[in-house]
Amino acid sequence: MADETLLDVLTKRGISRRAFLKFCAAATSLMALPPSMASAVAEALMQARRPSVIWLSFQECTGCTESLTRSHSPTLESLIFDAISLDYHETLIAAAGSAAEAARENAMKEAYGKYLLLVDGSVSTKDGGIYSTVAGKTNLETLKEAAAGAAAIVAVGTCSSFGGLPHANPNPTGAVPVSDIIKNKPIINVPGCPPIPVVITGVLTYYLTFGTLPELDDLGRPKAFYGESIHDRCYRRPFYDQGKFAKSFDDEGARNGWCLFELGCKGPITHNACATTKWNQGTSFPIQSGHGCLGCSEPNFWDAGSFYQALSTPIQPVTAALGIGVAAAAAAGIGVALANRSTKADAKAHHQTVTTNDLEK
Amino acid sequence: MDAMQLLLWARGPALGIAFAIFLFGMLLRLFEIYSLGRNKDLAPPRSHSPGSGWRTVVMRSFSAKSMLKASMLTYVTGYTFHIGFFVVLLFLLPHIELIRSITGLHWPALPTPFIDLIAVASIIALIVALISRVMNPVKRFLSGFGDYLAWAVTLLPLLTGYLAYHHLLLDYTRMLAMHILSVELLLVVIPFTKLTHMATLFIARWYNGDWFARKGVAS
């Protein structure tokens, strides 16, 4: 079964060649490759052996898995996802207990150096990482072990990419992203809370086609999907430029679909493909359904102030700082005033009157 | 520090620090000025002229015709920059939101492309003003480090705001952080350079106006 090509798997599942080619064309354009590459993508995918994939879940909520396995089902993207040899996935694996662990170890041994490691969830590091364990082993240990034999690592979701919610202040478990621990393997970050399903299949398609990682930005995200901000691709952008803003979630502006900046939309600093690929088979995305972007595909989004405060506002109250400024100024001002007054009094005391007689001397 | 961390720092602790230093410095300046007091008036005027101080505060904003002719460039760049700066500061929506979040006051915003145009005009005015300052021997002679520093920290917020809006040079998040930090730098520098004139000009104009309106000596 491991020798089956992707095309074999898809044919078995009743996917026509035509549908497959359509997917390849769509994937090619999604990844911002020239259209002429579509046939190359198709060729490569047809020949691709099912790559062994090990999926580790650490400090996470399983939302990423839910997003990837359910939302698009049963589209070709999800079938491509199915077509990979998912040798170990805690949520999806049938086996339990030591049998499940044995499956992981087997897969790691058999495909050592070749398997793709997918990780969702952040890694606890505080107190030796004891705050998150599977089968008595800390996530930290498991990650290091699994990463050693991986060809590449895909960090699925914001937690494994940037630390996410567990990393949020005060970060009681010392949660860090995968990239903080593994330094010697190529890592692709696919952040989002959860990430868009088509983005993860896009990344897998790229990897299967070219055997390399797609072009990444400075945060390790594939540029094809995270190259532009939500704001720049938002269909409500013209309203921002015209100065038309919704002031509340149920006012005239909200009903007219005006810009949600005032209601806290973080679209301007958020890089993701939501505004273009959208969710639920291209149905909609948060802003389209009337809620501002939370900025979930960016680092520290949870600590970036209220979701309902405009991006340009302070993330913590400035009143204390203002109070300190005024109090310090009053204290220093009194000091300066007293000093000035004593200088003045001193000058007055030592003032010598000059008379015409003095001048004639 | 990644761009997001920088932005969070700029929007959080740095803003508080900048505001505290700005308030501290400005209040100290005002304290210094007012606590000096005024000498006893040994020759009280014949009649008081109420409102003359306030009138001068307003009227000094308009140039005398002869002065305008004599140094057209200084006036035009000065007006363009000052008006532009305040239009950008007070009528771009994100700025209004910032003011609203701190003071609760708000007013309608102007369309972004218009603000963009005004920002460009202000930047050009500042650059022309600098060229004139360097080229003109009198202005150059009168300028010191503080003047060039004041010029630079005033230009930075406009420039970084423009670059951020147009996605130039750095990615938006980082440039936005730079923009906020540049404003914080401006706030910190204001009380300790000639930029203090944003507050003291009103005091000086009032004093001049009041003094110049004195007529005769009471007998």
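**Notes on a predicted two-chain model**

1. Let's start with chain A, which is divided into domain 1 (49–226), domain 2 (230–303) and domain 3 (319–360); these bounds come from an automatic or database domain assignment. The C-alpha centres of domain 1 of chain A and domain 3 of chain A are 68 Å apart.

2. A bit of housekeeping. This is a predicted model, in which local features need pLDDT of at least 70, side-chain atom pairs count only at pLDDT 80 or more, and totals for chains, interfaces and linings use all residues. Residues are numbered from 1 along each chain as its sequence is written, while chains are lettered from A and ligands numbered from 1 in the order in which they are written.

3. Now for chain B as a whole. Chain B has 11 helices and 2 strands (helices are DSSP runs of H or I with at least four residues, strands are runs of E with at least two, and both are numbered from the N terminus). Going along the sequence, the pattern in chain B is α-α-β-α-α-α-α-α-α-α-α-α-β. Along the principal axes, the C-alpha atoms of chain B fill a box of roughly 70 × 40 × 35 Å.

4. What share of chain B is buried? Of its 219 residues, 30% count as buried. Here "buried" takes 20 or more other C-beta atoms within 10 Å of a residue's own, "exposed" 12 or fewer, and "partly exposed" anything in between, with C-beta atoms placed from the backbone. As for contacts in chain B between residues at least 6 apart in sequence, 76% join residues at least 24 apart; a contact needs two C-beta atoms, placed from the backbone, within 7 Å.

5. Have a look at where the chains meet. The contact takes 36 residues from chain B and 38 residues from chain A. On the chain B side, the elements giving two or more residues are helix H1 (3–11), helix H2 (13–35), helix H6 (93–103), helix H7 (112–135) and H10 of chain B. H2(B) gives the most to this side, with 13 residues. By class, the side of chain B that touches chain A has 24 nonpolar, 8 polar and 4 charged residues (Ala, Val, Leu, Ile, Met, Phe, Trp, Tyr, Cys and Pro count as nonpolar, Asp, Glu, Lys and Arg as charged, and the others, Gly among them, as polar).

6. Next, a helix pair in chain B. H9(B) (residues 145–165) and H10(B) (residues 172–189) pack at an angle of about 155 degrees, with their axes 8 Å apart. The axes are lines fitted to C-alpha atoms, for helices over the stretch in contact, and angles run from 0 to 180 degrees between N-to-C directions. H9(B) and H10(B) are therefore roughly antiparallel (under 35 degrees counts as roughly parallel, over 145 as roughly antiparallel, 65 to 115 as roughly perpendicular, and the rest as oblique). Their contact has 14 nonpolar, 5 polar and no charged residues.

7. Compare that with H3(B) (residues 52–59) and H11(B) (residues 197–212), whose axes come within 7 Å and cross at roughly 125 degrees. These two helices are therefore oblique to each other. Residues meeting here include B:Trp54 and B:Arg55 in H3(B), and B:Arg205 and B:Trp206 in H11(B). The contact has 4 nonpolar, 5 polar and 3 charged residues.

8. Back in chain A, check two prolines. The peptide bond from A:Asn169 to A:Pro170 is cis, with omega near 5 degrees, and A:Pro170 is in the loop between helix H9 (164–167) and strand E8 (175–176) of chain A. The bond from A:Cys193 to A:Pro194 is also cis, with omega near 0 degrees. A:Pro194 lies in the loop between strand E9 (187–190) and helix H10 (197–210) of chain A.

9. Which residues have a positive phi without being glycine? One is A:Ala135, with phi near 50 degrees, in the loop between strand E5 (133–134) and strand E6 (137–138) of chain A. A:Ala135 counts as exposed because it has 10 C-beta neighbours inside 10 Å. Another is A:Asn171, with a phi of about 45 degrees, and A:Asn171 is partly exposed, with 17 other C-beta atoms within 10 Å.

10. Last one: is A:Gly267 buried or exposed? A:Gly267 counts as buried, because it has 27 C-beta neighbours inside 10 Å. A:Gly267 lies in the loop between helix H14 (252–255) and helix H15 (274–277) of chain A. Leaving out residues up to four places away in sequence, the residues that A:Gly267 touches include A:His231, A:Cys234 and A:Cys293.
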